[in-house]
Amino acid sequence: MTGNKIPGELADFGALTDLCTPWCIRVVATLRIADHIAAGTTTITTLAEEAGCDADFLLRVLRHLVGKGVFEEPVSGRFALNEAARNLLDPSQQLFLDLTGIGGRIASAWGSLLSAVRTGAPAYHELFGLPFWEDLQAHPEIAASFDALMGPPGHGTPDPEVLVTGDWQEVKTVVDVGGGTGALLAEILRARPEIYGTLVDLPRTVARAGSLLQAAGVGERVRMVGQSFFDPLPAGADLYLLKSILNDWPDREARLILGRCAQAAHPGGRVVILGGVSPDDRANPELLMMVLLRSKDRTLTEFRELAREAALEIQAAGRLPSGRFAVECRPM
Ligand SMILES: C[S@@+](CC[C@H](N)C(=O)[O-])C[C@H]1O[C@@H](n2cnc3c(N)ncnc32)[C@H](O)[C@@H]1O
């Protein structure tokens, strides 16, 4: 069962089957047409010149979008922003929609869905030559846009309240496992000056974290460790965080990551999972994760079993002030 259901009589089958509009939106996002219009360029010839594209084809794409309620054409061949088109000025939308970055990988990956459903395995490599994480490793510019999409430019500033119990007294050291470029750790350390942090992520991602941590004024309290979370983790911390990690991996790998946290935490330490576990009646189909990585959202019941196999016991589970569902575990 999933959370959001649209009654059948409200489903717009034409809109649901239209592939043209989503691609038109991504093309104008990639060409930054909304930014050019916001800067004062409105005629189709000048827009095409500034974007480096064909004026006639761009005109047809924009007119299609005008028909769908995105952009206006107040005078023939001149375009203006409307409320919907102004979304394209948002940097997080640009990261998600830009076909030259991770947005292009995500959009095109849907083309592998049939193969994935037929075989029960991701077919991302059929399109891009390599599985997802290896593809990012081979394409540093795509990896950089993925890190930006995961970080504040894409997903905003994370909420530092990550404990279901709200009980920070025992926490002096935090390891953010797969912590990206350090946005969550930065917010936790900013909110609690007595805490020290360790950021663990792949070397290429950790290498991008320095400026964010320095700008947050917490650089002196963070140790950065470029390593795989499948290897032994920095040991002895009070709290290990896994935010948006477990839903990237199938059971075998997820169990291994949890096991690394259980081994590294001291006996009274905690492992907190943010994202990837849902209340039993709210499991998310996570189709994008399935297509990219074969991974999935787990119900609390499924997760409890996986955690036990990794020598972790659930202590508390519930909604954080941000609304995110979180699970706190302790080593058994
Ligand atoms: C979905 S992102 C989540 C990032 C961050 N926790 C957040 O919530 O914004 C997954 C993270 O796992 C990292 N990652 C992937 N494979 C890894 C591995 N084998 N070892 C360490 N980190 C890895 C990626 O670089 C990325 O930063």
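The shell around the ligand is made up of 8 nonpolar, 7 polar and 3 charged residues, where Ala, Val, Leu, Ile, Met, Phe, Trp, Tyr, Cys and Pro count as nonpolar, Asp, Glu, Lys and Arg as charged, and the others, Gly among them, as polar. The model is a predicted one, in which local features need pLDDT of at least 70 and side-chain atom pairs count only at pLDDT 80 or more, while totals for chains, interfaces and linings use all residues. Residues are numbered from 1 along each chain as its sequence is written, and side-chain values use heavy atoms, with hydrogens and water left out.

Which of the 18 residues around the ligand come nearest? They are G178, D201, S228, F229 and K243; a residue is near a molecule if one of its heavy atoms lies within 4 Å of it. A nitrogen atom of the ligand is 2.8 Å from a polar backbone atom of K243, and a ligand nitrogen is 2.9 Å from a polar backbone atom of F229. An oxygen atom of the ligand lies 3.5 Å from a polar backbone atom of M150. The protein buries 93% of the 590 Å² that the ligand exposes when taken alone, with accessible areas from the Shrake-Rupley method and a 1.4 Å probe.

Buried means under 20% relative accessible area, exposed means over 50%, and partly exposed is in between, with a 1.4 Å probe and protein chains only. Helices (H or I, at least four residues) and strands (E, at least two) are DSSP runs numbered from the N terminus.

Y240 shows how its surroundings are put together. Leaving out residues up to four places away in sequence, Y240 touches V175, V177, P234, A235, C261, A264, A265, R270, V271 and V272, contact meaning heavy atoms within 4.5 Å.

Helix α12 (residues 140-150) holds A143. The buried residues of this helix are I142, A143, S145, F146, D147 and L149, and they pack against α7 (91-97), α8 (102-109), α11 (132-138), α13 (152-155) and α15 (203-206). Why is A143 classed as buried? A143 is buried because its relative accessible area is 0%. Not counting residues up to four places away in sequence, A143 touches L136, R204 and R208. S145, in the same helix α12, has 12% relative accessibility and so counts as buried. Beyond its neighbours within four places in sequence, S145 is in contact with L95, G101 and I102.

Another buried helical residue is V291, which lies in α18 (residues 287-293) and has 0% relative accessibility. With residues up to four places away in sequence left out, V291 touches A109, W110, S112, L113, P122, A123 and Y124. In contrast, F13, in helix α1 (residues 13-17), is exposed, with a relative accessible area of 65%.

Most residues other than glycine have a negative phi. R32, in the loop between α2 (20-30) and α3 (33-38), has a positive phi near 55° and is partly exposed at 26% relative accessible area. S244, in the loop between β6 and α17, also has a positive phi, near 55°. At 27% relative accessibility, S244 counts as partly exposed.

Key:
A polar contact is a pair of N or O atoms within 3.5 Å; within protein, one must be able to donate a hydrogen and the other to accept it, and residues adjacent in sequence count only if both atoms are side-chain atoms.
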